[in-house]
Amino acid sequence: MINRQGYNPLNDYLFKFVFGREERKRITLSFLNAILGREGDDELADITFVDRELDPHFDEGKLSRLDIYGVAGDGSKINIEVQLVNYGDMQKRTLYYWARMYQSLRKGEEYESLTRSITINLMNFRLLPQECPHNMYGLYDIASGHRLTEDLEIHFLEIPKFHVKSVKEMKRLEKWLAYFSNKLNEQETEELAMSEAAINEAIQAEHVFMQSEVERWQYEQREKALRDYISGMRHAHRTGLAKGLAKGRAAGRAEGRAEGHTEGTQQAMLQSLRHLMEELSLSPERAMDVLHIDPAERGGYLEQLGK
């Protein structure tokens with residue numbers, strides 16, 4: 001029996017170990033073909049991984065967005081991102097990074113040289129209104145549905161929306177969703193591995209990863225950072241709400257309630273800022289970006305932070 005219940009396959013260290021290595025690109029190609037619906041002669045047969053430096057403005061330290069970038073055999077550029085936390089700017093963010101990937105013309109090159117660019121967002125949270133865990137967005141005419149170009153393709157895979165079913169009933173992409181969801185018991189996991197060679201290879205790679213003390217330590221540090229972040233944000237929200245309500249009730253009038261709510265909100269925001277700066281090593285400016293603090297209010301927060 002295969003037991004992987006204690007693993008988080010969306011942990012960025014583990015994910016990149018399994019899906020971002022040249023020696024295991026068969027796994028990545030199988031995953032990509034399942035997402036893109038490629039079969040037979042149309043399947044992607046090769047991918048070249050490219051080291052890609054993240055925009056430092058969007059570097060989030062311990063919880064940084066995972067970025068696996070490669071060029072497929074057909075020339076398509078593909079970016080796989082794992083998002084563990086919803087910072088509230090996902091749609092604009094993914095479009096921004098897609099645009100950066102697409103803008104690859106060199107001096108003297110024609111627009112015809114631009115190639116299909118595909119972004120795949122693998123998310124550990126719900127974002128879109130659709131109940132289907134996999135949704136693909138392109139550039140379409142709203143009235144007729146005509147697709148302007150196939151160069152733009154953005155996929156969202158929302159893992160929490162996946163519902164377990166019999167492995168025998170799963171389609172190819174559903175098997176990968178089952179792998180990432182890690183909701184299967186030992187017997188079901190073994191059936192899953194037997195049904196898809198690439199998934200079996202991915203599970204074996206997980207075992208290799210976990211046997212390395214260094215890799216496992218990095219994995220555990222990432223998990224701790226995520227738990228601390230979520231716990232800190234929840235605590236800040238509860239603390240700020242309680243302070244705001246208490247001050248509002250003590251005042252006994254509308255102004256007091258409004259002031260209490262404002263004071264509570266500010267205290268909650270300060271606590272969230274300190275958490276992001278201390279636990280995730282973010283700069284004050286980046287922490288305020290994450291929390292969407294209005295530029296006009298940032299000077300006041302910097303004073304209270306002693307910056």
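Serine 76 is buried, with a relative accessible area of 4% (buried denotes under 20% relative accessible area, exposed over 50% and partly exposed the range in between, for a 1.4 Å probe and protein chains only). The structure is a predicted model, in which local features require pLDDT of at least 70 and side-chain atom pairs count only at pLDDT 80 or more, while totals for chains, interfaces and linings use all residues. Residues are numbered from 1 along each chain as its sequence is written, and side-chain values rest on heavy atoms, with hydrogens and water left out.

Serine 76 lies in the loop that links β2 (66-72) to β3; helices (H or I, at least four residues) and strands (E, at least two) are DSSP runs numbered from the N terminus. Not counting residues up to four places away in sequence, serine 76 touches Gly70, Val71, Arg116 and Ile118, where contact means heavy atoms within 4.5 Å. The C-alpha atom of serine 76 is separated by 6.0 Å from that of threonine 115, although the two residues are 39 residues apart along the chain.

The protein contains 10 helices and six strands, and 47% of its 307 residues count as buried. Among contacts with a separation of 6 or more, 63% are accounted for by residues 24 or more positions apart.

Strand β4 (residues 117-123) is largely enclosed by the rest of the structure, because seven of its seven residues are buried. In a regular strand, side chains alternate between the two faces of the sheet. In β4, Ser117, Thr119, Asn121 and Met123 point one way, whereas Ile118, Ile120 and Leu122 point the other way, and all are buried. Strand β3 (residues 77-83) runs parallel to β4 and is joined to it by seven bridges; strands are taken to pair if DSSP finds at least two bridges between them. Valine 82 stands opposite leucine 122 of β4. Seven bridges also join β4 to strand β6 (residues 147-158), again in parallel, and phenylalanine 156 of β6 is the bridge partner of asparagine 121. Together with helix α3 (residues 90-102), β3 and β4 form a right-handed β-α-β unit; right-handed means that, with the strands pointing away from the viewer, the path from the first strand over the helix to the second runs clockwise.

Leucine 122 also belongs to the largest nonpolar core, which has 48 residues and in which Val18, Phe19, Leu122, Trp176, Tyr179 and Phe180 have the most contacts. Such a core is a set of buried Ala, Val, Leu, Ile, Met, Phe, Trp, Tyr and Cys residues joined through side-chain atoms within 4.5 Å. Apart from neighbours within four places in sequence, leucine 122 is in contact with Leu10, Phe15, Phe31, Glu81, Val82, Gln83, Leu157, Ile159 and Phe180. A second, separate core of 14 residues includes Tyr229, Leu291, Ile293 and Tyr301.

Helix α4 (172-181) is likewise largely enclosed by the rest of the structure, since eight of its 10 residues are buried. The buried residues of α4 are Leu173, Lys175, Trp176, Leu177, Ala178, Tyr179, Phe180 and Ser181. Asparagine 182 follows α4 and is found in the loop between α4 and α5 (186-195). Asparagine 182 has a positive phi of about 55° although it is not a glycine. This residue is buried, with a relative accessible area of 9%. Leaving aside neighbours within four places in sequence, asparagine 182 is in contact with Arg4, Gln5, Tyr7 and Pro9.
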